[in-house]
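User: I would like to go through the labels attached to this model and see what each one rests on.

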Amino acid sequence: MCGIIGVALKSGNAAREVYSGLERLEYRGYDSAGLSVRDNDGRIITVKRGGRVANLQAGLYGITGCVAIGHTRWATHGEPNDVNAHPHTAGIFSVVHNGIIENFRELKDELQSSGEKFVSETDSEVIVRLINREYKGDVLTAVAAAVKKLKGSYALGILCADFKGIIAVKYKSPVVVGFGTDGVTLCSDIPALPDYVNSVCLPEDGDIVIITDKSASFYDKDLQPVNRVRRPVFAGQLNAGRGDYPHFMLKEIYETEQTVRDTCESFFRNVDVKRLTEYVRGADRVIITGCGTAYNAGLVAARFFTDRCGVFCQVEIASELRYSPVHITSATLVIAVSQSGETADTVEAVSALKERGARVIAVTNCGFSAITRVAGLVVPVCAGAEVCVAATKSYIGQLVALYLIAGLTGDVFKARGELLSLCNGISSLLNDCSKAGLIAEKCAASSAVFFLGRGIDYAVAVEASLKLKEVSYIFSDGYPAGELKHGTLALVDENTLSVILICDKTLADKCENAVSQIISRKGKVAVITCLADVAEKLSGSAEVWKIPACSAELSPFVSAVALQLIAYKTAVLLGRDPDKPRNLAKSVTVE
Ligand code: M6R
């Protein structure tokens, strides 16, 4: 959802450094990209283009300077083209922005009535024009005066021809300041920082930061100095590239087993298990919330809490929860699930519930993210940097964390043992996944793909459908298998594929009925099952993938990996870029 970066280097080529940073940040948006450099003569040179970061390459030749800012865009206001690309410039200023300026129309009218000429359709252009108008010789004062007029969310990187550093501002959009041997960097996300960075500071909302090649000074909105703690950054937090894999999505699916192990280990090392146990055992009710895949992880986990632990658990889409009159008591436990920890819908929803008295736990892959500042307790998902826009290993990591939290109602060490014993199943699935290619061929040849299951399989089916549609652009839906005959069967014909998950033997017969109903209507069927007898029975009538044996309750940890592989292979067969699906971005920091 737009990535910003800025570097103030002791020496070297800031344009190159920012360009590499934009490549690492591209998962946050890839509608357009641009950068501005302050050259050694104090001139600001800007290069920006519609489309991918690579389109900037040709324009960088011959640009020198040690200070630069850059932006990769996920368009909100104005179509993705060269003009609407950031940075936006006015007078001696250049600005990159991540967020949304909610009052930009009023500000634009006001600026236009005083003679200001706008060139883009973006909300962001008002920022640079306001700063330029406020400038009377002191950059910091101009920035502080301008941002006081903004409503909305903004992480800003600002260059000024009169100033040798960068000014950063943070309000409700993420930004970190990184320190290293070569200089100081600002960046939307820790994983996209350059590898010379060894420590970071996290600005708070309202902070204005002066960045030079040697230091960063933090001020509040009234320009009073404030202290921000410096924390170390470890190599595992940074994006280490995709190695020999053709795509990050595939690499990240293959990192699932490690994610399971690391998340289990971290649970007992980094979490305040005693307090968490009190929260869980004292809960009158558990509400799990998140968006997209994180919400879908909640659908699976509700089964862990309700079926296994007898705790009433409801799962809510975060963007709906914020405005719903859900019943809250001081014993209500809210679990916010978010890979990035920055999803605005989730952060805002749980902040509101916290204000109403709920206890909030965050399950997140990003340790210093916004959600961790709202939550009373954090349970880390240890998936490492996840670069592909489609969540894969982080989904399984979320399931691990949620399984362990639910396990606190009973024997949590037994729960950990069960999870670790799954690792063999995951690795044998990944070692022998030829069926993924065969089912992907059927998906790629279909006009629509339905994922069906009952019980916990239904929860996995919903995520399988999201994964397939986002990376392949094939219409897809996830359904409870029993619902088929109540409507969706009308859509089934010889051009559709139904993928049926059967991992719960108590519900297997009912699912087999769904297979027959589809085949009778000439629909194509694929079956994913961990049950040997089901595999044998259905292998004559459907494409069957027998995945490693496991209990129904633990089957999502294996079946979801199989379904991720099918989505990945379908995308590749159709020539899509699975790492950067059209119109999407990795972390959605606007509501
Ligand atoms: O960072 P989060 O987990 O909060 O993100 C939530 C969703 O935006 C995310 O899961 C999205 O649905 C993914 N593209 C799914 O693959």
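**Labels and their grounds**

Analyst: The model is a predicted one. A place to begin is Lys172, which sits in the loop between strand E8 (166-171) and strand E9 (176-180).

User: Why is Lys172 called partly exposed?

Analyst: Its relative accessibility is 40%. Buried requires under 20% and exposed requires over 50%, with partly exposed in between, so Lys172 counts as partly exposed.

User: Where is Lys522, and what is its phi?

Analyst: Lys522 is in the loop between helix H17 (508-520) and strand E23 (524-529). Its phi is positive, about 70°, although Lys522 is not a glycine.

User: Why is Lys522 called exposed?

Analyst: The relative accessible area of Lys522 is 62%. Exposed means over 50%, so Lys522 is exposed.

User: Why is helix H6 called roughly antiparallel to helix H13?

Analyst: The axes of H6 (residues 256-270) and H13 (residues 412-421) come within 10 Å and cross at roughly 165°. Angles over 145 degrees count as roughly antiparallel, so H6 is roughly antiparallel to H13.

User: Which residues make that contact?

Analyst: H6 contributes Val260, Arg261, Cys264, Phe267 and Phe268, and H13 contributes Val412, Phe413, Arg416, Leu419 and Leu420. Eight of the contact residues are nonpolar, none is polar and two are charged.

User: How do you know that the bond between His86 and Pro87 is cis?

Analyst: Omega is about 0° for the cis peptide bond joining His86 and Pro87. Pro87 is in the loop between strand E4 (67-73) and strand E5 (88-90).

Note on methods: Residues are numbered from 1 along each chain as its sequence is written. This is a predicted model: local features need pLDDT of at least 70, side-chain atom pairs count only at pLDDT 80 or more; totals for chains, interfaces and linings use all residues. Side-chain values use heavy atoms; hydrogens and water are left out. Axes are lines fitted to C-alpha atoms, for helices over the stretch in contact, and angles run from 0 to 180 degrees between N-to-C directions. Helices (H or I, at least four residues) and strands (E, at least two) are DSSP runs, numbered from the N terminus. Angles under 35 degrees count as roughly parallel, over 145 as roughly antiparallel, 65 to 115 as roughly perpendicular and the rest as oblique. Contact means heavy atoms within 4.5 Å. Ala, Val, Leu, Ile, Met, Phe, Trp, Tyr, Cys and Pro count as nonpolar, Asp, Glu, Lys and Arg as charged, and the others, Gly among them, as polar. Buried means under 20% relative accessible area, exposed over 50%, partly exposed in between (1.4 Å probe, protein chains only).
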